[in-house]
Amino acid sequence: MSRVGGDEVLALVALLRHSNTGKSWRALVNEVREVGAVEMLHREHPPTLLDLEPTTELLDAAQHDLEAWSGLAKVLTLFDSDFPAQLREVHDLPPLLFVRGALADDRGACIVGSRQASPAALRFASDVATMLADLQVPVISGLAEGIDTAAHTAALSAGGRTVAVIGTGIDKVFPKGNEKLQQQIERDGLVLSQFWPGSNPTRATFPMRNATMSAYGMCTLVVTAGEQSGARIQARQAVAHGRPLLLTRDVVTRTEWGQELAASAYDVQVVSDAKDAVGAINRILQRPQRIDDLLVELTQ
Amino acid sequence: MNEAQQQLVSRLQPLIAGVMANPLRLPGITCSICTREVQNGDLRCRRCNNDYESNAVPFEFGPPGYQPSPYRTADLVVPLSYALKGHQAYTDLLQYKDTYSPSKAALDRLSVLTALFQACHTWCIDRLVGRLVTDLAILPSLQGRQGLHPLEEIAQYLPRAWRRIQLAAAPNLPSDSNARRQTNPAFFHNTENLHGRHVVLFDDTWVTGGHAQGAALTLRNAGAARVTILTLGRCLDSSWPETASFIRRFNLPMKPYDVAVCPVTGGTCPG
């Protein structure tokens, strides 16, 4: 994977947005990842006697898109050197990102939970976010109501860095009430969208967004959640990514999935209060060096 | 294993439990060599069977105390995990060695997988094959990769008692990658005399097994009495309808990964 330059962006947009390959989005992305977008576009659209350059029209349409988006956001593909490296680690990475704000080499923690959260849960989320901000650990969330809003807001007020991974196009706001917050994060932090500009939220976009969020963070903390909530999806995605998962006692006692995950052999920890959660996150961030030591100890 | 090691094993296992998946060894359902699915209750998948049978030699007597195998491909193949295309284990096997953006998380997980095998199942190879492992060879890349291969870094967690031998890619390989997938000992170059030895050949991903079995033949040509192939991931590609239905039937990848399942037998460790 060492292809860089404008051609890959163009080919990727042409492939994903204008070309009818009959393949699923995911299958297409997986192949692009292994062979590159330019190569893939030509494989899918080989020249024929009647049409010697079947990709011209597709590339023109993609060029038109990129021009229309140029004022909206920075467009990054997985082949760009400033594409977040931790996203390349996962099996379901977004091939394209629309970015507003400042990119950085973030090693942060995701804080997620219900839209309807109790005052105690909101307090938990903002306490964790405040402490992480003090430790200069970026706070990652999804800019939804409830826990997400509490986490972003607390991180910003503590002068910390916060990253919002949103479930709409980069030029959309959902919910409307978070318009100001979104603008503030664009200014002081980073907003990421993997969806085409102009996209509204759908049932499909939120789980995709959760996968990207899980991948962007070094771990996910679920503060409070229901049996069917989106946080449950992110919990499972974090496990499947090999990212550590933290659940509050509240999640474990109130949901069956929380109970199951807490009792499983997966990398799941249960935390009792905000301080406990921050301690656990801190230990996770120091893990990579410790793994090497443990392995040497085990195999010497 | 002592108590301290046991504790290390239980601390390390969760780090790979959500990503790696124990291969299944079910006679008539999975290949007795590579653990992919078989057809019609066969013992081996088509590719493994073909490599196995086309490399059989007439029975002959060797020097005292040593009986050469009549089949010259590896005596044993041990995949440590399934790697389903489109899932994290498969991505890890690509990303740990990505030249442009290598993943430390992937390297860590594959190292944990290897170290846990070393701590829990090293002896299982000796027991099942019936001879102690003496040497370790790392399967060289046939793509002309330069510099130290990241697989070398993972191999440091294999037993120190295994003497490291050098196996290299032969010069002037076919440029077509499909041609290189043939099982061909001429693709590899070895200078050591391996007479009577048991060599473990270490590889990252098993797709068809062509590279690994070709190298196993190279080691046989050098006199190796036993060859075991140890591979991190057995790739499963659901774009093959038979593989897709096997994956559905057993709801693969089956997780969490359990280090207590012996990768040599697919069940309990050989006695």
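I began with a term: a salt bridge is a side-chain nitrogen of Lys or Arg within 4 Å of a carboxyl oxygen of Asp or Glu. With that rule I looked across the interface of chain A and chain B in this predicted model, and I found 1 salt bridge there. It is formed by B:Lys104 and A:Asp292, whose closest N and O atoms are 3.5 Å apart.

I then looked up which helices of chain A supply at least two residues each to the side that touches chain B, and noted α2 (25-35), α5 (85-88), α10 (230-241) and α14 (287-299). The most comes from α14(A), which gives 11 residues. I sorted the residues of that side into 15 nonpolar, 8 polar and 10 charged.

Next I turned to the extent of the contact, to which chain A brings 33 residues and chain B 36 residues. The two chains bury about 3,000 Å² between them, with 56% of it on carbon and sulfur atoms. In chain A the most area is lost by A:Glu89, A:Leu298 and A:Thr299, together 23% of what that side buries.

Last, I looked at the rings, and counted 8 aromatic pairs over all chains. I recorded A:Phe174 as partly exposed, at 41% relative accessibility.

Definitions and conventions:
Residues numbered from 1 in each chain as written. Chains lettered and ligands numbered in written order. Predicted model: local features only at pLDDT ≥ 70, side-chain atom pairs only at ≥ 80, totals over all residues. Heavy atoms only, no water. Contact = heavy atoms within 4.5 Å. Buried area = accessible area lost by both parts, 1.4 Å probe. Helix = DSSP H or I, 4+ residues; strand = E, 2+ residues; numbered from the N terminus. Nonpolar A, V, L, I, M, F, W, Y, C, P; charged D, E, K, R; others polar. Phe/Tyr/Trp six-rings, centres within 6.5 Å; stacked < 30°, edge-to-face > 60°. Buried < 20%, exposed > 50% of the residue type's maximum accessible area, 1.4 Å probe, protein only.
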